[in-house]
Amino acid sequence: MLSTKLILRLLKRLCQMLAALTTSSAQRLRILVTCFRHFVAKLKICGFPRHDTDSTTFSPADCCDVPTRTSGVRCPPVNLPLPLHNRQITSASAASSNALLSSMPRFPMPHVPRVPQQSIPPQTVSPPQIHNTNSSRAPDTTTKFVPFAANDISRYENRPLVDTTQKLDSIPALMRHFPNESCPWLSGDWQSCVHPEGVLYLYDDRRSVFTEATVDCNMFGLLDGWIDELNKLAQTNSVDLGADNIELVVQLVQTEAEDADVLCHYYFVDHSARTLFWLHDRLHDPHQATGDIFSGLRGVTDPSHIRYSLESEYWTHCELYPNHQMDRLKIIKELRELVMHASAEIITSDVSLSPFDADELSRILGLISHLKENAEDNDPYSTCVIARFMHYFYRNKFFNFCGLPWARLEADKSVYEEDTNFHPLTSSVSLALNAMLFWAPQSHLEDLQKVWVDECINTPRWKDFNKNLMAEWTGITIYSTVMLAVDVSFLAVPNVNISQSQSIGIIATYLSIIFITGSLIVSVLLVRQNQRYGFESADKATDFLSHMTGTLFGVRALATVHSLPYAMLMWGMIYFAISILYNVFKSTTAAMLASVVSGCVVVTMFIFWFIWAAREFHLPDRLAKSIFPLIPARNTRS
């Protein structure tokens with residue numbers, strides 16, 4: 001049929017053109033494919049008959065402009081969004097695309113019966129009017145406002161790299177002014193500011209708006225329009241943006257989807273209330289793209305509790321954008337009181353909630369004294385220092401439920417109800433491992449539970465915990481080295497016949513060497529891991545513990561790993577003792593045998609007496625806790 005031949009000829013011609021345009025730009029190819037899609041859609045809409053009739057000429061360039069006598073249907077307009085990092089399509093590309101379309105041959109098209117006219121509603125959403133000279137180069141996009149927080153600002157992630165292809169051959173003569181030309185597309189009231197850390201950010205002084213300097217030219221062309229939309233929306237909600245205490249932070253992010261939507265992340269700052277706020281409801285979703293403002297903390301419902309989280313975010317904003325003129329004397333006094341109370345608490349209590357240790361607090365007090373001397377200057381450097389410390393203290397208040405009846409008062413106490421559900425598999429396996437590893441996993445579990453409380457980390461306690469682990473593993477490494485030398489030396493004793501490989505003494509010695517070597521290897525690995533993660537910040541320590549305990553056995557698995565060096569060293573000593581006793585008992589006189597047996601009995605009694613006195617081995621209590629957790633274990637202390 002004519003319609004079939006027409007389609008086949010068009011497909012053949014298209015294949016030839018695609019082969020010729022393999023090295024052409026992606027934009028030309030997209031235009032050609034889009035034109036072909038609308039041409040095929042036109043054929044489907046028109047409904048060609050299966051017999052030869054009168055024909056008219058038709059070209060693909062006119063695929064979206066069909067004469068009225070053939071059909072009343074029009075294809076919807078085609079929007080071709082530009083790539084994110086391309087500023088514009090050059091005139092040469094457009095001219096070549098038009099030349100390609102005009103060079104395509106015209107094909108005869110059969111007469112098509114008239115189709116009733118249909119109205120197709122528009123599918124595109126136009127962005128607001130942008131009063132910027134770069135707006136004509138902006139891509140066709142749709143925007144969605146997304147509330148986010150100061151901690152979600154992507155300043156430290158995906159930093160741009162230096163362009164090494166450009167270089168300066170010489171410094172001009174008489175050059176005494178050095179403007180920042182890294183953002184040549186800045187216009188209007190926007191100005192570039194340098195953070196004390198060295199990063200560049202943008203600030204609109206007239207509208208009190210901040211954004212990151214990593215925005216490109218196309219996105220900057222959209223920025224003013226969306227800020228105007230937010231200002232209009234704020235005015236409808238009776239928010240006075242003209243006040244000096246209100247600031248706006250905007251960050252535009254273009255999605256990777258085909259429709260090229262732009263997400264406008266934003267938040268407002270109220271300096272008088274020291275908080276963040278939004279014009280849209282911010283959903284509490286830990287899996288949303290902008291992150292969880294509560295950091296995964298459960299049971300956050302009280303507004304006074306939420307206020308501490310938002311205030312910690314406020315201080316993060318002040319650290320990122322230190323332009324606001326704050327009441328420096330008042331804030332320094334508040335910070336000094338917080339530091340003094342934390343210092344007194346950490347001196348008089350072993351379970352202090354302070355986010356800093358004693359040495360750090362004393363150094364902070366020294367910094368506060370210097371800040372007080374320059375309190376009237378209001379420079380950005382001092383603002384960053386004050387804001388960072390205030391962020392840590394208010395974040396600590398949020399995690400400890402400050403101001404609520406169930407507030408945490410001791411760092412090793414949980415504010416949630418203890419899980420008393422019986423898990424047969426984990427309880428049985430944990431009981432067996434505890435018995436095999438001399439109850440070392442249980443001791444390490446109790447220490448971990450005092451540090452990893454409610455899946456939160458107190459930095460000073462975390463550092464002390466890792467120092468104790470390092471000291472334990474370093475000591476075990478020394479003991480293991482000595483024991484390994486003793487085992488090898490024992491095999492060199494003339495009375496020990498190595499040729500008798502089936503001997504119990506030789507087998508026990510080999511087992512002792514294996515366990516001692518395993519203890520050495522595990523100790524070295526744990527020490528290396530502790531050096532990498534043990535002294536990190538609280539956030540990195542939390543990520544590390546979440547990864548290590550995210551299994552079926554949870555914290556018990558990590559406690560078992562920590563106890564392996566000690567347990568394997570103990571098994572190595574036990575097998576060495578078995579080897580010694582076997583070689584002593586197999587060929588000795590009665591007097592020697594009696595002496596050795598009496599000595600073993602005395603040593604064994606002393607060992608068990610020490611274990612009982614130190615309360616390190618409570619088998620009934622441990623069995624009750626492992627098998628019957630709902631029944632409280634009896635207290636064996638007198």
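Author: A charge sits over a ring if NZ of Lys or CZ of Arg is within 6 Å of the ring centre and within 35 degrees of the ring normal. The model here is predicted.

Reader: What makes Arg155 a residue that lies over the face of Tyr321?

Author: Arg155 is at 5.1 Å from the ring centre of Tyr321. The cut-off is within 6 Å. Arg155 therefore lies over the face of Tyr321. The charged end of Arg282 likewise sits over the ring of Trp278, 5.7 Å from its centre.

Reader: Why is the pair of Trp185 and Phe220 called tilted?

Author: Their ring centres are 4.9 Å apart, and pairing asks for centres within 6.5 Å. Their planes stand at 45 degrees. Under 30 would be stacked and over 60 edge-to-face, so the pair is tilted.

Reader: Which parts of the chain does this pair link?

Author: Distant ones, 35 residues apart. Trp185 is in the loop between strand 3 (143–147) and strand 4 (190–194), and Phe220 is in helix 4 (residues 217–236).

Reader: How do you know whether Trp185 is buried or exposed?

Author: Its relative accessible area is 11%. Buried means under 20%, so Trp185 is buried. Phe220, at 0%, is buried too.

Reader: How many aromatic pairs are there by this rule?

Author: The count comes to 25. Phe145, Trp226, Tyr266, Phe268 and Phe277 form one aromatic cluster.

Reader: What lines the largest cavity?

Author: There are 14 lining residues; Asn466, Gln529, Asn530, Phe544 and His562 lie nearest its centre. Helix 11 gives the most, with five residues. The lining divides into nine nonpolar, five polar and no charged residues.

Conventions:
Residues are numbered from 1 along each chain as its sequence is written. This is a predicted model: local features need pLDDT of at least 70, side-chain atom pairs count only at pLDDT 80 or more; totals for chains, interfaces and linings use all residues. Side-chain values use heavy atoms; hydrogens and water are left out. On a 1 Å grid over the protein atoms alone, a cavity is a set of points where a 1.4 Å probe fits but cannot get out, and a pocket is an open set with protein on both sides within 12 Å along at least five of seven lines; lining residues have an atom within 4 Å of a point. Helices (H or I, at least four residues) and strands (E, at least two) are DSSP runs, numbered from the N terminus. Ala, Val, Leu, Ile, Met, Phe, Trp, Tyr, Cys and Pro count as nonpolar, Asp, Glu, Lys and Arg as charged, and the others, Gly among them, as polar. Rings of Phe, Tyr and Trp (its six-membered ring) pair if their centres lie within 6.5 Å; planes under 30 degrees apart count as stacked, over 60 as edge-to-face and the rest as tilted. Buried means under 20% relative accessible area, exposed over 50%, partly exposed in between (1.4 Å probe, protein chains only).
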